Amino acid sequence: MLADNKLPFFPDYTDHGVDHINQVLLSEVELVPKDVWTNCTKDSDPKLLNAEDAIVLIGATLLHDIAMHLRPDGFLELVAVTSRFRPLPWFKDEQEDHAADRPWRELWLDYQREARRFSDRDLGNIIGLESVRQGWKFDKLPENTGQWERNHCLIIGEFIRRHHARLAHEIAMYGFPGLDVGSNEGQFPALGEKGNHLQRWADLIGLAARSHGLSLRVCQAYLNQSPIYSDELKPGGSAVFYPMALLRVADYLQIDRQRTPTALLKLRNPQSPISVQEWNKHLAVQRISTSRHNPYSKTITVSQDVSLAVYLQLRDLLAGLQAEMDHATAVLDEVYGRCTDLGLHQLNLATRRIVSNLHSPAFRDNLPYVPERTGFAADPNLLTLLVEPLYGKEPSVGVRELMQNAVDAVRELHAWCETRDIAVESLDLPEQDSDVQIDFIKRDDGTWFLRVTDKGIGMTADTIQNYFLRAGASFRQSKEWSKEFLDEEGKPKVLRAGRFGVGAFAVFLLGSSFRLLTRHAGETKNNGYSVEASADSHLIEICKKEALPVGTVIEVDLSAEPIKALRLDDEKRRFHPFTPGANIDWFCLDWPIVTSRINKGGACEVEIPTQKHRVSLGKSTALNETPPEWSVIYPPDFEKIYWTFSDFPSLVCNGIKIRERFEEFPGNESFDWPNKKQFNAPNIAVFDNGSKLSLTIQRRSLSDKNLPFINELSRDVMLSFIAHSLVCVPENQIEFNKQMHLSYPLVILDNSVDNSLLRWCSTSDATVPMDSWLYTLLKTNTCIFIRTIGFWDSPNGNLEKVYASFQSGNQAILSWRSAIQYPNNAALSYEEERISDVKRLIEDFSKLVENGFDMLSKDQINIRNLVSLPLEPELKTEITEELKTMNGFEIESPNPQRLYFSFQSQSDTDPVAVKKLIGLMELYYKGHKKLDDLLFVAEIQTNSSNSKPETQLAKIWNECLGPKPITFDPIARRDLIEKGRKHPELKIHIEKWEEMKRTGSKWVVGNGKA
């Protein structure tokens, strides 16, 4: 194994075979003082070092970096559920200065979760920034080891680096992962196995190998508690701390090697491939020699030709080497310093001090760069300076940040309790009805402060210091959060609304100082904390606080501008976008419960209606618990996406509205919608555990309006529309014609004849949404297109008469009706609104005459048109006489107040006459205030077609129902519904519309408004 020197998980460390072991052994020999060697002969009395010391030292030297030689099959065995490698006694439990060793499987699963969430910088330190720039991310290891890329191996290498000292100990006891236990070729001995001739020293060898990765005092504590070694100064006959000290220091001294030293693995952070390769390019350490002035010192001479990365590595390594010498010397003195009778006080290091030209001012001055670690850093005041420009002077955003932190804390507490099988109610929580209570409180002196109290998980001192008070640091990116709240696949188990690490700095949108009280759920009642700080605080004291409930309270002294903006002193507090209630109305779910109050002192307490939208989507995931007007999809990377056509903000993420400044009801421009010519975009509530939705840092909008789940969402809207058609379309044509204005809630209702708009086409037997393929399902070659405009109570408002006048046989009817009840635009009068509609109708007529109606079929063979105008007698006579002279027109006058023109679009009709007709229509309607009904009818004949579904609607219709129209026959309709029910996705929507129909929902009876 050492001879072939293959390191698949450490490809840049290329010289760590037999030669490396020999060099470490040689350094260990040199570290033993001469007088110690003198007293190691067989005649020495006392004999300071013996065969047992050699066994421990050589065995530990062989094993200390043996984990670097792990191969893929060995790694898989190590982290397998049935791994023979398991935590050793004493180490498996929590000890002072040593966290409990956990099973390798658990460690690997936790590490995978962490690796999936590595920042670009952390990932770059492992695999190199170039791979990061190319978009490489760790998800999981391919099952086939042959598919492991270099980056996969480097990720595993970092895992091994963190734990290789422990693994050395377990290899001594259990053997090598991936190899059978034994002494033959292809095997590896388990020294701790019964019958092995080194069994007596196996644990000591492993401990000494392990010692180069942990404090010698931890090793001392381990030996002191051992029932085998606790009373022995020389366990197993070895002065074991001396081999440990020699190995630790000798391993560091290999920095004079030209190839990358394993000492780099000792640095706190992983060294990027670039850093390692930089070392390989240079003979960084030219020589290590004995100092002329101090016999206990070594002089390390460093080449002037080193890069900044290598210089910093060397500086850290030399500091670590000196610290190692100091630590080893101190422990040796503590353990053996008083053992003069055995001579063990002589066991020390021949080299105890390191000097280097690296430390000299002359060396640093001659470098072509400034020899300091420099990078982008933030001034402590940076975020306080940026908060206002970033969010604007919007105190409601400060309230939002504090509220969403509180909501997140409540969710985390419930997840924390569920993991431990603890009832949330059993905890010592704040005495309040809601989960998050927001209070605006006025003091007697007229000043205001905001208090946000939550029944959440609370914070530890570490969370306060390293995350809450640290700009841009998100606790959800920490190892602690990952360990607690990520599942085995690295996916979050809990929703979090916050994501950008704004933390405490959001309070400075509200005021210049704040107070914090908090206690973590895992702490006793006496272990709470309090913090008081202001924007200019340079030193913040985290005080211990007793008798606090679990959760967090934060109070902010409000400055004058937020008080004014939130209108806290306004006696007329109405619910509109600029009152406190609306201005802090961010949360839209029914759990956690969020309430707000204004308290002006005494009994004057007012609750603010902060949640206009409170939908039951929070804790429930069962489909049958979802309100029927809501639907849900489960696209990849998201827990779930709810959507609705009911009154709701257009975009909500994890319960928080995503809206522009001062925008109470965001429009459907929040995201790009592919069906915007036929359907309005639904309102959506995104449940995004993994922070995959691309929000701007202000959380006002999407940074990318292309939703990653837009295809799934659009498909589900189509399914809902088809289900609505099956359940809600009337079961006879007369009722169908009456209720054409009762459409699917998201269908765009427009008066133009735009071919992309969705309308219905029906025969006496069946109906379909207008689509060239769906039209073929009606099995007719003739369609009567009727376009009318009028008031509901006008003569032509009764469309049944129109239908009866023009339909015969198996003709289809396609009706476009514009009926005016009131002006859509408040700035227009009824007449102005009517004229606007008439203009559109005339434009539609022109398009139809010129281009046909390709929504029906691309193969139209004839279009016969009829136009009915309400005209005054004198104008009627004038137009009649003029059009009689033109070809292709038939003129009728069954009514003294109306004139009918009929002509063929694809015939010898005089095109000048058509233009003249259109011109006369426009002229008339521009000059007359008295307006009546206008009507045109087109009889469109088409050839039979074998077209295939092309549009999304047609394809999904065919997938669910096959080539079947919506029939008016009740029995056939029920059969078609049952056919649709066999489609699992459509079935869900059918049941929702059946429930709404059964309960008389406004979305079925026609009072709903999308």
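The model is predicted.

**The five-stranded sheet**

- An open sheet is formed by 5 strands, in the order β14-β15-β18-β16-β17, and its pairing is mixed.
- β14 (630-633) and β17 (656-657) stand at the edges with a single partner strand each, so one side of each has no neighbour in the sheet.
- Strands of a sheet pair through backbone hydrogen bonds, and the pairing is either parallel or antiparallel.
- β16, made of residues 651-653, pairs with β17 in the antiparallel sense over 2 bridges.
- In that part of the sheet, Cys653 stands opposite Ile656 in β17.

- Strand β20 spans residues 766-769, and both of its faces are covered.
- Ala766 and Val768 are buried on one side of β20, while Thr767 and Pro769 are buried on the other.
- Strand β19 (residues 760-762) pairs with β20 in the antiparallel sense over 3 bridges.
- A hairpin of 3 residues joins β19 to β20.
- Trp760 has Pro769 in β20 as its bridge partner, and Pro769 is also one of the buried residues of β20.
- β20 also pairs with strand β27 (residues 966-967), in the antiparallel sense and over 2 bridges.
- Ala766 stands opposite Thr967 in β27.

Conventions: Residues numbered from 1 in each chain as written. Predicted model: local features only at pLDDT ≥ 70, side-chain atom pairs only at ≥ 80, totals over all residues. Heavy atoms only, no water. Pairing = 2+ DSSP bridges. Helix = DSSP H or I, 4+ residues; strand = E, 2+ residues; numbered from the N terminus. Buried < 20%, exposed > 50% of the residue type's maximum accessible area, 1.4 Å probe, protein only.
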